[in-house]
Amino acid sequence: EYPHTWLPILSWLPRYKLKWLQMDLLAGATVGLTAVPQVLAYAEVAGLPLEYGLYSAFMGGFIYTLLGTSKDVTLGPTAIMSLLCFSVVGGQPHRAVLLSLLCGIIQALMALLRLGFLLDFISSPVIKGFTCAAAITIGFGQIKNILGLKDLPPQFFLEVYYTFKKIPEARIGDVILGLICLSLLVMLMLMKKTLDSEAVHSNSTFSRKLVWVVATMRNALVVIAASLVAFSWEAFGHDVFTITGKTVQGLPPFRPPPTWDNTTNGTIVPFGEIVEGFGDGLAVIPLMGLLESIAIAKAFGYQNDYRIDVNQELLAIGVTNIMGSFVSGYPVTGSFGRTAVNSQTGVCTPAGGIVTSESTFNVSLYCWDSLFICSLVISTEVDILPFVVTFLMSFWQVQYGIIGGVAVSGALLLYSTARPKITVSDYGSLVMQFSSGLSFPATAYLSHMVHSNALRASPPRSLVLDCCHISTIDYSVISEFRDMIRQFKRHNVVLIFSNLQPSVLEILLKADLEDMKYTEDVEEALQQLESGNVLDD
């Protein structure tokens, strides 16, 4: 049992079937063709040479096959992680690789210490706010590429200003090719949505299946077609398009990342100074990587009826980033788009990732970027505040957006703990019901509500505390209850506890609260108060 826990491959490999191999090969190849142009584009978002996107992409498939618990997830560069990496290292390759190593170590340690539960403290509105801001930032950042503009400042607001200022300098060829590619991508995406994936895999005609395959591989096909167009014009000596240029061919040497760096004037920057320069990014990037990947794994696990192990997923991502740093990779996480392609193509096991990783060994010359769509559902008015804070602050610095959103969410959580919802009803005697548990931050508010509604009334009134939603209490709450009992006795009125959970009742009895009165339900307590026959149970 223990080896299966740490090496999930041992649970499915002995049962591997030949028909699974066919689907894994098809899915892996499809995702690989999709991944190559994407990772090149994401390297550009990270401000790194394009080959670093390829270096970062191929390790995830091998590692995740051994350690992952989701059959669908593919690890590699993503838009959000690339944007975060750029904000922390500013496009410096050596530091990006070192950042991958440190992030991987942090993530792996979290897995070994079983700290996956910490991710539950980052709320959904924070993630949505950051995602929407990242989509706008990255999406607008690609406008300069469509216009063929160069040397724009990386800061968002300055980039917006200079993009509009330099529109007269736009290259017509780049604009035309970019809009055609974008139109084709949207058209193929809409075509795919009209196809029923189940019908494609069963009784569809050959033409329908072919259309589905083309629409699924639209990313790779469009970039290949655009590359051929650009190559043709370049071969005939026509400088019509702004081309990316050549990437470094071959695999990088397998070696640990450098723990020092050089400045432009040749000064050596030591390890401690580099880490200090990472700042809060060293906390934000590992957490965002874990959140993005685990959210994707959970979503597809629910869709395809299997469960994942959160801590094992942390280990898989951590080891991937550690090993990726040895081949010059920057931090990676789960990719929603590529995972969706993997799932829709019918992947059966994590082995499909091996084929995907093999595909990224190929080097492409030209790249494009995805069309990002931000969908948002805010469930309550309270969720709006962390979303807005995260969204707005992310345009300043993306890591500040996450930190600000988490801080606001934490403050709201603490406020709800210190100010639980208390409903007061009048049935001749007062009934006070708590909508959630009680803990020490709520004692002052509890005292205020009891005194203002019962003890300070003229004349003072008896009170029934409906404790049906209270499952745990602490020493501060017990002390407050003891003081309340004395206060009610002093005012010659009655305090009755009702609907006590067995665990709470046991704690209160052990605390030996003097003159404590309690009943099984509120109706019984009201009857006792009405009859004047209040008994000590």
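These legends describe close-up views of a predicted model.

**View 1. An open sheet of five strands.** The strand order is E5-E6-E7-E8-E9. Pairing in this sheet is mixed. Strands E5 (422-426) and E9 (517-519) stand at the edges. Each has a single partner strand, so one side of each is left without a neighbour in the sheet. On average, neighbouring strands are turned by 25° against each other, direction ignored.

**View 2. The pairing of strands E8 and E9.** Strand E8 covers residues 495-498. E8 and E9 run parallel and are joined by three bridges. Ile496 has Lys517 of E9 as its bridge partner.

**View 3. Helix H21 on the sheet.** H21 spans residues 443-455 and packs on the sheet. The helix touches E5, strand E6 (430-434) and strand E7 (463-466). The direction of H21 makes about 160° with that of E6.

**View 4. Helix H22 across two strands.** H22 is formed by residues 475-490. This helix lies across E7 and E8. H22 runs at about 140° to E8.

**View 5. The packing of helices H6 and H14.** H6 (residues 93-112) packs with H14 (residues 271-278) at an angle of about 80°. Their axes are 11 Å apart. Angles of 65 to 115 degrees count as roughly perpendicular, and H6 and H14 are therefore roughly perpendicular to each other. From H6, the contact is made by Arg95, Leu98, Leu99 and Leu102. From H14, Phe271, Ile274, Val275 and Phe278 take part. Seven residues of this contact are nonpolar and one is charged.

Notes:
Residues numbered from 1 in each chain as written. Predicted model: local features only at pLDDT ≥ 70, side-chain atom pairs only at ≥ 80, totals over all residues. Heavy atoms only, no water. Pairing = 2+ DSSP bridges. Helix = DSSP H or I, 4+ residues; strand = E, 2+ residues; numbered from the N terminus. Axes fitted to C-alpha atoms, helices over the stretch in contact; angles between N-to-C directions. Contact = heavy atoms within 4.5 Å. Parallel < 35°, antiparallel > 145°, perpendicular 65-115°, else oblique. Nonpolar A, V, L, I, M, F, W, Y, C, P; charged D, E, K, R; others polar.
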